[in-house]
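Please keep the sequence and the structure in view while reading.

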Amino acid sequence: MKDLSVYRNIGIFAHVDAGKTTTTERILKLTGKIHKTGEVHDGEATTDFMEQEQERGITIQSAATSCQWNDHTLNIIDTPGHVDFTIEVYRSLKVLDGGVGVFCGSGGVEPQSETNWRYANESEVARIIFVNKLDRIGADFYRVVKQIEDVLGANPLVMVLPIGIEDNFTGVVDLLERKAWIWSDSNDPLSYEITDVPADMTDQVEEWREKLIETAVEQDDDLLEAYLEGNEPSIDDLKRCIRKGTINLDFFPTFCGSAFKNKGVQNVLNAVVDFLPNPTEVKPQPEMDLEGHETGNFAEVDPDKPLRALAFKIMDDRYGALTFTRIYSGVIKKGDSVLNTFTGKTERIGRIVEMHADSREELDSAQAGDIVALLGMKNTRTGHTLADPKDPATLEPMVFPDPVISIAIAPRDKAGTEKMGVALNKMVQEDPSFQVATDEDSGETLIKGMGELHLDIKVDILKRTHGVEVEMGKPQVAYRETITQTIEDSYTHKKQSGGSGQYGKIDYKIEPAETNAGYEFESLVMGGNVPREYWGAIEKAFESCMDEGTLAGYPLLDVKFTLLDGGFHAVDSSALAFEIATRAAYRQSVPKAGVQLLEPIMKIDVFSPEDNVGDVIGDLNRRRGMIRSQEVGVTGVRVKAEAPLAEMFGYIGHLRTLTSGRGQFSMEFSHYSACPANVAEEVIKEAQERRSAA
């Protein structure tokens, strides 16, 4: 059996352009996994192997690879930074034991850094921090450390200090060892020397080293007491304390460097081995029974326990569908039959491979703690649990956000129709935040996603990977409806026409629920006027009606339905009769409950040069935006705002015009809010025209 203490399952995550993929390339070069470093800007990065990634210089899907450092095995996942692909970060963090958060030395804590950090907090993933790009103009390590404290509410534990800054950045001082690592300018990561601390930094190093030791010894009462008495702990004791505090999420060891210039990456690799947890040191996943209730058992990382594995990503490539899987307990062997607890069916493991970006290495078996790709899984999807058929249990499922934007697409020729259907089906399996639907009124195929870039990439994949050329409609906003008033009403469904009849009477109340409550059902029926066996039919019937609102046909949100009373007939009543009564009650009462149209509001983060910030704010105001804050930085101003998605289509082109190409922005869904009357009228009118045209 493998020694799991030398395993590290880690992810690298950050904002767009902070240098995640470049950092991964340097790690692979240093660990001997690749011999020539590929650059993102040349489209040659190992983990960016999709055509779209190489062209745009961004990471779209997370890539997995493994390598060796100091006799330890590192399984690394390089994740995307763009907000439209955060689903990739979320599902990667769910299966990792540790992470490296990369921050740009000049950009600092950017919007996507906040989202990814929040996901990592929710998944309770231990992290170290790497402040990258210290060779850039405007870089400031100490400013970024302060931002991590203020913006993320995190506790960075500074482990190294930079020597020089911007063009003069030459290396780092290791605070624990009091040694300076100085790299040459040869761009060879192995061309460095370890020397004494520069004389002009001695006081600064001692000041930060004292802070480091004070924070670390709080993890051990005996060491703290000895330290207060004037005895400095050994470096091994300090490392033990730092490891403990990192795994407990009390602080985050913080390093700095320039991955592009090959400076500072060794220190990060040493920290991954020294401070991040191995699979056995992470809190085990709670197990649930097949109904979704916690059993009180945990999937302990132990090869001798029953199999528990989570499929966290499906990827289609030239060899067939790859199911990326994290094994929490037990062992998987080639040819085994495993139970998919979501579908209730067993599946046979065709092949097991260890991935290195888009190449692979065949394995006969894999065990607890491993991250591998399985071939031959026909019905397994993202978030499904694979378990021992003799001892089934399920792990906590993943929850994915609903899409906020949709576009109608159609193949350019008839021959492409079937091809497009097959391609879209594969793409939906790969990406749970991408959905496909058919518009019942027009018969059009709609693709739904998290933003314009997300759908743009999907259309590109259709064209290049699957050879399907499509025509695109204009983007549609995913509006919602809700009610604002409480209505008490009654409905009787009665049908007598020879043979057995149908009878169901319900007295009910429909009222607004709490924001984000979704749908709530309650029955206050006493004395059996509506027998309990029909309550479920009433609850489900009302919920299914909510898929289509009465105002413009958009789904209804945040409604509570209370069954007050009713009546039944001993012969003619049935679940179907009460279902029909409920559907009719929905159509009768919801329009009277003050239905209101809701629109998605996006959280927007705009970077603008100082000269153009007035124009940018004026433009956001015209788009019905609400400015939340402004932060003046070294290279420009960051404007945080909220604005309706409907007003933000094509914004990037407009922003570039306003700022002479220097502006940047990111946008993610925040919440739903009531539509202004004039906008609502327009949307309702369009919906009615679509229906009448159909």
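**Helix packing and salt bridges**

Helix α12 crosses helix α13 in a right-handed manner; a crossing is right-handed if the near helix is turned clockwise from the far one by less than a right angle, and left-handed if anticlockwise. Helices are DSSP runs (H or I, at least four residues) and strands are runs of E (at least two), numbered from the N terminus. The model is predicted, so local features need pLDDT of at least 70 and side-chain atom pairs count only at pLDDT 80 or more, while totals for chains, interfaces and linings use all residues. Residues are numbered from 1 along each chain as its sequence is written, and side-chain values use heavy atoms, with hydrogens and water left out.

Q: At roughly what angle do the axes of α12 and α13 cross?
A: Two packed helices are described by the angle between their axes and the distance between the axes. Axes are lines fitted to C-alpha atoms, for helices over the stretch in contact, and angles run from 0 to 180 degrees between N-to-C directions. The axes of α12 (residues 535-545) and α13 (residues 575-589) come within 8 Å, and they cross at roughly 35 degrees.

Q: How many nonpolar residues does the contact of α12 with α13 have?
A: Contact means heavy atoms within 4.5 Å. Among the residues that make this contact are Ile538 and Phe542 of α12 and Phe578 and Tyr586 of α13. Ala, Val, Leu, Ile, Met, Phe, Trp, Tyr, Cys and Pro count as nonpolar, Asp, Glu, Lys and Arg as charged, and the others, Gly among them, as polar. The contact has two polar and two charged residues, and its nonpolar residues number eight.

Q: How many residues apart in sequence are the parts that Arg638 and Asp605 tie together?
A: The side chains of Arg638 and Asp605 form a salt bridge at 3.0 Å, N to O (a side-chain nitrogen of Lys or Arg within 4 Å of a carboxyl oxygen of Asp or Glu). Because Arg638 lies in strand β37 (residues 637-644) and Asp605 in strand β35 (residues 595-608), the pair ties together parts whose separation in sequence is 33 residues.
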